[in-house]
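Student: I'm new to reading helix packing. Could you walk me through it with an example?

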Amino acid sequence: TGTARDPAGPAGPPAASNMAAPNAGVSCEDFSEFQDALRAMRTIDDRIVHELNTTLPTVSFAGKVDASQTCKQLYESLIEVHRSREKAIKTCIAQTATVVNKLRDDRLKDADDLALIRHLRKEQTKLKLMQSELNVEEVVNDRSLKLFNERCRIYYKPPKNP
């Protein structure tokens, strides 16, 4: 009958702190790898409902878990991973934009190089896809923070400017 958390004992930090994937290893070269890395980094957002259900007390256990501390730790984990992902996306956008600009300059010097033109188009497409990930990121973050606020608003008020 061993459970991961003893309801009679003090509550440890929420498991969310373990769900924040590191952003080391986000590859900007290959868009599929870039998306895979973001997907791994979005684990905390994908599991937010489960996390809230398993870490916040029901009415019967309300006195046994420090809900305000649990919510604070979950919020800090969310904000940390959101910032990390945004930084990774913006870094890849900047790197890809640099490549696109260099290829554009090269094309001006040799407008007949078909391989160069194909490479430029490929990089431009990758840049557009990476820029669209910023929109996806905004939706994912808004959803997670909305769910967080629905469940934690009575236990923890996050700072106005995270």
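Predicted model: local features only at pLDDT ≥ 70, side-chain atom pairs only at ≥ 80, totals over all residues.

Student: Is Thr55 buried or exposed?

Tutor: The general idea is to look at relative accessibility, where under 20% means buried. Thr55 has 4% relative accessibility, so it counts as buried.

Student: What does the side chain of Thr55 reach?

Tutor: It reaches the backbone oxygen of Glu51, at 2.7 Å.

Student: How do α4 and α5 pack?

Tutor: For a pair of helices, we look at the angle and the distance between their axes. Helix α4, residues 48–55, packs with α5 at about 160°, and the axes are 11 Å apart. Angles over 145 degrees count as roughly antiparallel, so α4 is roughly antiparallel to α5. The crossing of α4 past α5 is right-handed.

Student: Which residues make that contact?

Tutor: From α4 come Ile48, Glu51, Leu52 and Thr55, while α5 supplies Thr70, Leu74 and Leu78. Sorted by class, this contact of α4 with α5 has 4 nonpolar, 2 polar and 1 charged residues. Thr55, our buried residue, takes part in the contact.

Student: At what angle do α5 and α6 cross?

Tutor: Helix α5 (residues 67–109) and helix α6 (residues 114–152) cross at roughly 165°, and their axes come within 9 Å. That angle makes α5 roughly antiparallel to α6. Here the handedness is left: α5 passes α6 in a left-handed crossing.

Student: How many nonpolar, polar and charged residues are in the contact of α5 with α6?

Tutor: The contact of α5 with α6 divides into 22 nonpolar, 7 polar and 9 charged residues.

Technical notes:
Residues numbered from 1 in each chain as written. Heavy atoms only, no water. Axes fitted to C-alpha atoms, helices over the stretch in contact; angles between N-to-C directions. Helix = DSSP H or I, 4+ residues; strand = E, 2+ residues; numbered from the N terminus. Parallel < 35°, antiparallel > 145°, perpendicular 65-115°, else oblique. Left-handed = near helix turned anticlockwise from the far one by under 90°. Nonpolar A, V, L, I, M, F, W, Y, C, P; charged D, E, K, R; others polar. Contact = heavy atoms within 4.5 Å. Buried < 20%, exposed > 50% of the residue type's maximum accessible area, 1.4 Å probe, protein only. Polar contact = N/O pair within 3.5 Å; in protein donor to acceptor, adjacent residues only side chain to side chain.
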